[in-house]
Amino acid sequence: MVSNETKNRPRLWVDFPPLAYAKGEFYFVGVMPLASKGVIYIVIDSFHPRALRHCREKGKLPALSFLIERGHLDESCISIFPTVTPSCTSTLATGDHPAQHGIPGMVWYHRGERRIICYGANWLSILKSGVYQSSMDFFFNLNHKHLGWDVRTIYEDLESQGITTAAANPFIYRGNDEYDAKIPLSIKLTTLFELDKGKIHGPKKLCLGQLHQPPGNLDLVTEDVRYWKNFGINDKVSVAAATWFLQQDERPDLLTIYFPDTDSVAHSENADCCEPCLTNVDKHLSKILDCFDSWEQALEEYVFVLVGDHAQSTLEKGKRAFIKIPEILKQYSQARLGENPVEGKDIAICSNARTAYIYILQHRQGMRKDIMKKLLAELISIR
Ligand SMILES: [Zn+2]
């Protein structure tokens with residue numbers, strides 16, 4: 001039995017200013033923060049304002065419309081740069097820019113480890129890096145080694161102040177509690193059991209796909225919701241975990257929910273008006289609001305903050321709009337993904353969708369100027 005009485009919570013609004021964390025594409029707040037309310041902080045991957053407008057005009061988003069009408073929609077928020085998930089979600093979890101939190105992209109060169117880091121952008125990159133290294137980077141190193149220790153996540157920050165946090169499938173999960181990670185069988189098999197255990201540090205209440213489930217019967221709830229898809233890091237498990245947290249006797253003061261599926265659907269559909277994306281998210285939001293006696297009651301008990309980590313741009317159909325940087329800079333020897341450690345190469349090119357980092361590894365006089373000259377010449381020639 002779930003009590004809907006507003007419990008005597010710490011004043012989250014003093015310690016959790018949504019604006020400080022809401023640096024995504026846009027956000028809105030269900031109601032203005034008041035004392036004794038909790039916060040439900042939802043990150044929707046590739047939440048696109050034009051798609052939101054398009055679907056709302058068709059009357060397809062009852063839950064999102066309810067929150068917008070009762071709160072505030074701000075489309076002027078912009079994403080951090082570069083607009084890739086690891087960098088953006090790190091910012092949304094810490095309130096800091098990549099220069100501070102240390103996650104500059106999906107793909108980047110680690111000068112300390114002398115290798116290209118890639119958080120599994122696609123299957124080819126996983127094969128190039130090796131399943132073991134990709135899994136280590138994505139499941140463990142991103143949160144425990146690469147995310148800077150000079151910054152604190154929202155979980156570390158709030159729990160050190162005695163505020164209870166829970167997270168349903170967070171991309172950035174680092175918190176103060178240590179857990180044994182349950183490595184998915186497919187990862188164990190493909191790494192020949194080289195990766196069969198590990199520790200994660202997360203918030204007090206954490207559901208992280210197949211890697212970690214909190215004590216209780218949540219695993220029974222998630223069994224029939226495509227638990228296997230993306231190792232359980234998918235929307236259906238996220239909403240199952242979120243509603244489960246809200247149905248417990250002790251509801252968390254802060255509940256974060258990450259919905260990853262919109263990103264992959266938007267890649268295959270039209271990102272500008274992706275109806276399947278947002279109609280699915282809306283159904284998930286309805287389930288979360290239905291955990292309360294009424295949707296009004298949900299707003300009495302919690303402040304809702306929804307953000308997108310970034311959006312997507314639609315490319316002109318039939319055109320592959322890219323610049324072949326490796327070819328332009330072919331006179332320089334280039335580090336390869338999976339080369340560990342990189343030995344004697346001139347440069348490392350790390351492509352992040354519409355952006356790329358070029359790291360100079362063996363500096364020679366005039367090299368930087370020459371690289372810039374070649375890239376500018378290419379840009380001028382394609383305009
Ligand atoms: Zn994303």
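## Nonpolar core

The largest nonpolar core comprises 84 residues, and Ile116, Ala241 and Ala242 have the most contacts inside it. A nonpolar core is here a set of buried Ala, Val, Leu, Ile, Met, Phe, Trp, Tyr and Cys residues joined through C-beta atoms within 7 Å. Helix H12 gives the most to this core, with 8 residues. Helices (H or I, at least four residues) and strands (E, at least two) are DSSP runs numbered from the N terminus. Leaving aside residues up to four places away in sequence, Ala242 touches Ala168, Leu255, Ile257 and Ile288; contact requires C-beta atoms, placed from the backbone, within 7 Å.

## Basis and overall composition

This is a predicted model, in which local features need pLDDT of at least 70 and side-chain atom pairs count only at pLDDT 80 or more, while totals for chains, interfaces and linings use all residues. Residues are numbered from 1 along each chain as its sequence is written.

The protein contains 17 helices and 13 strands.

## Packing of H12 and H14

The axes of H12 (residues 235–247) and H14 (residues 275–289) come within 9 Å and cross at roughly 15°. Axes are lines fitted to C-alpha atoms, for helices over the stretch in contact, with angles from 0 to 180 degrees between N-to-C directions.

In H12, Asp235, Val239, Ala242, Thr243 and Leu246 meet Asn280, His284, Lys287 and Ile288 of H14. These contact residues divide into 4 nonpolar, 3 polar and 2 charged. Ala, Val, Leu, Ile, Met, Phe, Trp, Tyr, Cys and Pro count as nonpolar, Asp, Glu, Lys and Arg as charged, and the others, Gly among them, as polar.

## Backbone geometry

Most residues other than glycine have a negative phi, and most peptide bonds are trans. A cis peptide bond joins Phe81 and Pro82, with omega about 0°; Pro82 is in the loop between strand S3 (72–74) and helix H5 (85–94).

Ser46, although not a glycine, has a positive phi of about 65°. Ser46 is buried, with 26 other C-beta atoms within 10 Å.

Key:
Contact = placed C-beta atoms within 7 Å. Buried ≥ 20, exposed ≤ 12 C-beta atoms within 10 Å, placed from the backbone.
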